[in-house]
Amino acid sequence: MNTSHAPRKLRTTFRKTKVISPLHTSGPFAVSSDGRSLVTCVDDEVVLTDVDSASERCRFKGDTTPVTALAITPSNTHLIVVYTSLALRIYELPQPSSSTEPPPTSSTTSPHIPWVRQIARAHDGPVHVLATDPTSSYVASGSADGHVKVWDIHRGYVTHHYGAHGGVVSALAFDLQKASSLPSKKKIDSADATAAWKSMRLITGSVDSRVRIFDLKLARTDPVAVLEGHISVPRSLSVSSDGKWLVTSGRDSVILVWDLHSAFSSQSVSTKKGTRVEVKLAKTVPVLERVEAAGILTAADGGDEKGLKVFTAGEKGVVKVWD
């Protein structure tokens, strides 16, 4: 009796059940403050990916030119994108999907979100850095033309314009310290944000190696302080949550810790143009590699600079934590 069996026929056609689209090709990216959404660039388009389901949620209508900078507001309500065409567009972010909502099957079926506000020519040069304030009311843009502009996100106009940078603006950071509780509104406009903070400063870095501090509450267009400690372009600026320390880093392979609290608590900021506050350098940390990104992880309340923990990422491709 022949017990041999015929060879099993293998399937040659398959049904598509899931498509993982390209996630990132080049350009900037951003992560929402809750860690649930990732915004990346795929060719000339901006893509929103849901981190929990690892699926593409939507795309944002661009202008067919590459993206040079993008940022998500801390409230996760708006996305700001700047293109090579110098256009700045503001989009409303869709809320994270529920677990029962099926994700789009491909990039061709995912919705394309239109912009809600556009500035056709935000600067005279490419914009490489953006920063949003803690209230999600302002966004600052730094350009290769050496100028920084602060925009009202909800209304789309310029609230502040600062020049006098010695070249390309390389880094931006807001420093806002509370004076009272924020208004209980769903949308906080720039007037509410200004009234709720006792100090509002914008910190900039540029290729002339200087770090400048501007006071957003004053009518002055020149910096109230200029920090000179780097010998190369500053790439990262980070302020501690209590506003006492500023950490700067760049391609000169050092971390600099600046004492903001002593400077602004002991010296009054004048409304007169040309007067400056002296900010002292508290500590220099050699990291022995060019730093492209850095930030403050923790800061001991009421402590000195020794209570800071800072992370750096640089040319060696390793993230390091400094105590």
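Student: What should I know before I start?

Tutor: Residues are numbered from 1 along each chain as its sequence is written, and side-chain values use heavy atoms, with hydrogens and water left out. As the model is predicted, local features need pLDDT of at least 70 and side-chain atom pairs count only at pLDDT 80 or more, while totals for chains, interfaces and linings use all residues.

Student: How many salt bridges are there?

Tutor: Side chains of opposite charge can pair when their charged atoms come close. The rule asks for a side-chain nitrogen of Lys or Arg within 4 Å of a carboxyl oxygen of Asp or Glu. Here the count comes to 14.

Student: Which residue does Glu-228 meet in a salt bridge?

Tutor: Arg-210, at 3.0 Å from N to O. This pair links distant parts of the chain, with Glu-228 in strand 17 (residues 225-228) and Arg-210 in strand 16 (residues 210-215), 18 residues apart. Strands are DSSP runs of E, at least two residues, numbered from the N terminus. Shared partners join Asp-208, Arg-210, Arg-212 and Glu-228 into one network. Within it, Asp-208 and Arg-210 have their closest N and O atoms 3.7 Å apart.

Student: Is Asp-208 buried or exposed?

Tutor: Buried means under 20% relative accessible area, exposed over 50%, and partly exposed in between (1.4 Å probe, protein chains only). Asp-208 is buried at 17%, Arg-210 is partly exposed at 31%, and Glu-228 is exposed at 56%.

Student: Where is Pro-74?

Tutor: Pro-74 lies in the loop between strand 5 (67-72) and strand 6 (78-83). Pro-74 is partly exposed, at 34%.

Terms used: Helices (H or I, at least four residues) and strands (E, at least two) are DSSP runs, numbered from the N terminus.
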